[in-house]
Amino acid sequence: MTTKQPPPLMKKHSQTDLVSRLKTRKILGVGGEDDDGEVHRSKISQVLGNEIKFAMREPLGLRVWQFVSAVIFSGVAIMALTFPDQLYDAVFEEESVNSKTPIRLYGGALLSISLIMWNALYTAEKVIIRWTLLTEACYFGIQFLVTTITLVETGQASLGAALLIFSRVLFVCISIYYYYQVGRRPKKM
């Protein structure tokens with residue numbers, strides 16, 4: 001009784017043939033540019049989507065602005081949590097605060113936002129960076145409106161409040177600028 005050995009497994013020639021692989025990729029629709037200019041390496045990444053990262057380079061000064069805003073948010077949050085009276089006095093120049101709780105809650109909210117800012121500093125995903133910039137712009141815009149309305153209602157104008165209002169307008173402009181710069185499509189070369 002002789003057992004017949006099966007022939008050794010051989011590679012299909014078409015898998016190693018470069019032209020055949022390119023034809024297969026073309027049929028699957030991967031490897032070439034799609035309508036958005038993205039090049040998908042596999043059908044899975046095409047279906048699930050890629051992380052949209054910077055194709056060329058980041059806008060000049062973006063990481064510096066992210067760092068500065070994270071430091072600002074953290075600093076004001078820590079000041080609001082530890083010294084609520086001094087923070088209120090610096091803006092509105094009033095000696096007494098009825099309750100420290102709202103200022104400390106404000107500090108807690110700012111600390112939460114600052115954690116998001118610190119994490120966004122280390123990501124390369126455009127979507128996350130844009131959302132944090134939009135968050136900053138909304139926060140600074142709302143703070144500008146609230147501070148302005150409060151100053152008009154109380155009829156008090158102080159140097160601290162004027163500086164705060166001016167800085168908030170500036171920060172809104174910077175955040176919106178980077179928001180649009182990050183969202184722009186890279187120029188094709």
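Relative accessible area sorts residues into buried (under 20%), exposed (over 50%) and partly exposed (in between), using a 1.4 Å probe and protein chains only. The model is predicted: local features need pLDDT of at least 70, side-chain atom pairs count only at pLDDT 80 or more, and totals for chains, interfaces and linings use all residues. Residues are numbered from 1 along each chain as its sequence is written, and side-chain values use heavy atoms, with hydrogens and water left out.

Salt bridges were examined. Side chains of opposite charge can pair when their charged atoms come close. A salt bridge requires a side-chain nitrogen of Lys or Arg within 4 Å of a carboxyl oxygen of Asp or Glu. Two salt bridges were counted under this rule. One of them joins Arg 63 to Glu 58, with 2.9 Å between the closest N and O atoms. Glu 58 has a relative accessible area of 30% and is partly exposed. Arg 63 is likewise partly exposed, at 22% relative accessibility. Lys 100 and Asp 85 also form a salt bridge, with an N to O distance of 3.4 Å. Asp 85 belongs to helix H5 (84–92), and Lys 100 to the loop between helix H5 and helix H6 (101–120), so the pair ties together parts 15 residues apart in sequence. Helices here are DSSP runs (H or I, at least four residues), numbered from the N terminus. Lys 100 is partly exposed at 37% relative accessibility. Asp 85 is partly exposed too, with a relative accessible area of 29%.

Rolling a probe the size of a water molecule over the atoms shows where empty space is left. A cavity is a set of points, on a 1 Å grid over the protein atoms alone, where a 1.4 Å probe fits but cannot get out; lining residues have an atom within 4 Å of a point. Grid points are joined across faces, edges and corners, and a volume is the space filled by probe spheres set on the points. The structure holds one cavity of 30 Å³ or more.

Gln 143 lies in helix H7 (residues 126–154). Gln 143 is buried, with a relative accessible area of 13%. Its contacts (heavy atoms within 4.5 Å) are Tyr 106, Leu 164 and Arg 168, not counting residues up to four places away in sequence.

Aromatic rings were then paired. Rings of Phe, Tyr and Trp (its six-membered ring) pair if their centres lie within 6.5 Å; planes under 30 degrees apart are stacked, over 60 edge-to-face and the rest tilted. Eight aromatic pairs were found by this rule. The ring centres of Phe 67 and Trp 118 are 5.7 Å apart and the planes lie at 80°, so this pair is edge-to-face. Phe 67 is in helix H4 and Trp 118 in helix H6, so the pair ties together parts 51 residues apart in sequence. Phe 67 is partly exposed at 43% relative accessibility. Trp 118 is partly exposed, at 25% relative accessible area. Ring pairs also link Trp 65, Phe 73, Tyr 139, Phe 140 and Phe 171 into a cluster.

Key
Helix = DSSP H or I, 4+ residues; strand = E, 2+ residues; numbered from the N terminus. 1 Å grid on protein atoms, 1.4 Å probe; cavity = no way out; pocket = protein on both sides within 12 Å on 5 of 7 lines; lining within 4 Å.
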